[in-house]
Amino acid sequence: MKKNTVKTGQNLLSLLLLLLVSISGFSQEQSLPKARTDSFWDHVQFGGGLGLAIGSDFTDITVAPSAIYNFNEHFALGTGLQYSRLKQKNFYDSNVVGGTLIGLFNPIEEIQLSLELEQVHVNTTYTDLYDNVKRSFWNTGLYVGGGYRADNITIGARFNLLFDKDKDLYGDALMPFIRVYF
């Protein structure tokens, strides 16, 4: 009697294992189509930059929010705003306001290439012993860049193809960057 109970238990266990393996195999072969639940906002990431430098009679504040839309794991397109205030007491005062358009391409997960168009308006006042010199102009930058990407952070450099040392807002055509998108 004891042998029959053990044998019946083994048979039931074998049948149960066979049934589980069959169900598991069947569920992997036929998957039902998934309902598309991702919305526009599931593809949007926000980020930007903040900067603050304060010293003896010197202040530099930058606020630059941005957002990108990820079309897939390789391509993204976005836009951003920028405001900077730079002041050195009794010498220099500047306000910079503008916007950017940016395209991102990730050929592989760790590499990010970018093309960025920046248009900013610059109001600057230089003060010397005798006079104030005011300058107001638009500055356009077309940047190509590349960087190393880890998750949502990219560290790299960009180069301004339209750089003119006599007319440009920035001191050099090559600029390092850190991009963060959440």
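Reader: Which residues form a nonpolar patch on the surface, and how much accessible area do they have together?
Author: First, a word on the model: it is predicted, so local features need pLDDT of at least 70 and side-chain atom pairs count only at pLDDT 80 or more, while totals for chains, interfaces and linings use all residues. Residues are numbered from 1 along each chain as its sequence is written, and side-chain values use heavy atoms, leaving out hydrogens and water. A patch takes residues with over 30% relative accessible area and no salt bridge, joining nonpolar side chains (Val, Leu, Ile, Met, Phe, Trp, Tyr) within 5 Å and like charges within 9 Å. Area is Shrake-Rupley with a 1.4 Å probe, and for residues only the protein chains shown count as cover; a salt bridge is a Lys or Arg side-chain nitrogen within 4 Å of an Asp or Glu carboxyl oxygen. Here, Phe71, Phe75, Leu77, Phe105, Ile108, Ile111 and Leu113 make up the nonpolar patch, with about 630 Å² of accessible area together.

Reader: Which strands each supply at least two residues of that patch?
Author: Strands are DSSP runs (E, at least two residues), numbered from the N terminus. For the patch, the strands are E3, E4 and E5. Phe71 sits in the loop between E2 and E3.

Reader: How do I read the pairing of E1 and E2, parallel or antiparallel?
Author: Two strands pair if DSSP finds at least two bridges between them. E1 and E2 run antiparallel, joined by 12 bridges, and glutamine 45 has isoleucine 68 in E2 as its bridge partner. Their hairpin has 2 residues between the strands, and aspartate 57 there takes a positive phi near 60°.

Reader: And how many bridges link E2 with E3?
Author: There are 11, again in the antiparallel sense. Valine 63 has tyrosine 83 in E3 as its bridge partner, and the hairpin runs through 4 residues.

Reader: Which residue stands opposite glutamine 82 in E4?
Author: Glycine 98 does. E3 and E4 are antiparallel and share 14 bridges. Between them is a hairpin of 3 residues, where asparagine 90 in the turn has a positive phi of about 60°.

Reader: What about E4 and E5: over how many bridges do they pair?
Author: They pair antiparallel over 15 bridges. In E5, threonine 100 finds its bridge partner in glutamate 118, and histidine 121 stands opposite valine 97. A hairpin of 2 residues joins the two strands. E5 also pairs with E6 (residues 132–150), antiparallel over 17 bridges, with threonine 125 opposite lysine 134 and 4 residues between the strands in the hairpin.

Reader: Now the pockets: what volume does the largest one have?
Author: On a 1 Å grid over the protein atoms alone, a pocket is an open set of points where a 1.4 Å probe fits, with protein on both sides within 12 Å along at least five of seven lines; lining residues have an atom within 4 Å of a point. Points join across faces, edges and corners, and volume is the space filled by probe spheres set on them. The largest pocket comes to about 870 Å³. It has 32 lining residues, with Thr62, Ala64, Gln82, Glu118 and Arg158 nearest its centre. E1, E2, E3, E4, E5 and E8 (174–180) each give at least two lining residues.

Reader: And where does the second largest pocket get its lining?
Author: That pocket holds about 210 Å³ of space. Of its 18 lining residues, Gln45, Asn70, Asn106, Gln112 and Arg149 are closest to the centre. The elements giving two or more are E2, E3, E4 and E7 (153–160).
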